[in-house]
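The sequence and the structure come next.

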Amino acid sequence: MMSTVDILISALIVCLAGVVRGVTGFGGAMIMSPLLALLIGPQAAVLTALLLEGFAPLPLLPAIARIVNWKVMRPIITAAFVAAPIGGLLLAHVEANLMRKAIAVVVLSFALIMFFGVQIRARTSNSARIVVGGIGGILVGATSMGGPPVILYLMASGESLPVLRANLMVYVAAASFAGLAAMGITSVLDPKTVLMAMALAPVYLASAWLGGRLFRHVNERLFRRVTLLLLITVSAVILIAA
């Protein structure tokens, strides 16, 4: 049973994640998962992040579905669905403290790659897309964070910004549901955590909306770098403390 203080801290974490997601377009799960893992455990943290990340973009999907590059995204999404149960098995059977560190390592690795602007040359073959989607699926099932490898791949593919954002939004929603399906298969779903995520959903949606409004008034590049520095710091602290 969570205390009132734990609930308030969870709400603050979700609020921060929502604002970051609204301003930058990424980072919601990367903020939520490592911090919530310290508070409520890795399985509950992953489930909460998947539920919030999966349902948040749904109202926008009909509008963006027309501009998604389905030729690129279809093999990525398919591979993510196939591979997600592997990550779910890891989450279900790996010791909790080790999973906390694994989540922190994933966040730290991709935050450093993004912070230093490492350029990756994307292969345009379906086999490359399947590999990227498979890696993302394993990560989303195990840590809720299947976005970073796909984000890096798509950013290197040369798509226009509207198509890139549409591709990412569709992938985040699809990958989140793949992760939830994997958790269902591996019996990791916890009704109490689902209820908690539902209670936190208005906080996440409202803060993401606020972040979208703030986007017009902040320096996006500076905010992204500050966010990445926050992710790097949080991950490093968790690795040392966990």
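## Helix H10 and the surface

Trp 209 lies in helix H10, which covers residues 191-214. The model is a predicted one. Trp 209 has a relative accessibility of 57% and therefore counts as exposed, since the cut-off for that class is over 50%. Together with Leu 210, Leu 214 and Val 218, Trp 209 makes up a nonpolar patch on the surface. The accessible area of these four residues together is about 360 Å².

Thr 193 is also placed in helix H10. Is Thr 193 buried or exposed? Its relative accessible area is 7%, so Thr 193 is buried; the limit for that class is under 20%. Leaving out residues up to four places away in sequence, Thr 193 touches Ala 44, Leu 47 and Thr 48.

| Residue | Relative accessible area | Class |
|---|---|---|
| Trp 209 | 57% | exposed |
| Thr 193 | 7% | buried |

## The fold as a whole

The protein has 11 helices and 0 strands. Along the sequence this gives the pattern α-α-α-α-α-α-α-α-α-α-α. The radius of gyration is 17 Å, close to the 18 Å that the globule rule gives for 242 residues, so the protein is as compact as a globular protein of that length. The C-alpha trace spans about 45 × 40 × 35 Å along its principal axes.

Contacts within the protein can be sorted by distance in sequence. Of those with a separation of 6 or more, 85% are between residues 24 or more positions apart.

## Surface and interior

Of the 242 residues, 50% count as buried.

In soluble globular proteins, nonpolar side chains tend to be buried together. In this model, the largest nonpolar core holds 67 residues. Which of them touch the most other members? They are Met 32, Met 73, Ile 76, Leu 154 and Tyr 171. Helix H9, residues 161-185, contributes the largest share of this core, with 13 residues.

Neighbours within four places in sequence aside, Met 32 is in contact with Ile 13, Val 14, Ala 17, Ala 37, Ala 49, Leu 52, Glu 53 and Tyr 204.

How values were computed:
Residues numbered from 1 in each chain as written. Predicted model: local features only at pLDDT ≥ 70, side-chain atom pairs only at ≥ 80, totals over all residues. Heavy atoms only, no water. Patch = residues over 30% accessible without salt bridge, like charges linked within 9 Å, V, L, I, M, F, W, Y side chains within 5 Å. Areas by Shrake-Rupley, 256 points an atom, 1.4 Å probe, with all protein chains shown as cover. Salt bridge = Lys/Arg side-chain N within 4 Å of Asp/Glu carboxyl O. Helix = DSSP H or I, 4+ residues; strand = E, 2+ residues; numbered from the N terminus. Buried < 20%, exposed > 50% of the residue type's maximum accessible area, 1.4 Å probe, protein only. Rg over C-alpha atoms; globule rule 2.2 N^0.38 Å. Contact = heavy atoms within 4.5 Å. Core = buried A, V, L, I, M, F, W, Y, C linked by side-chain atoms within 4.5 Å.
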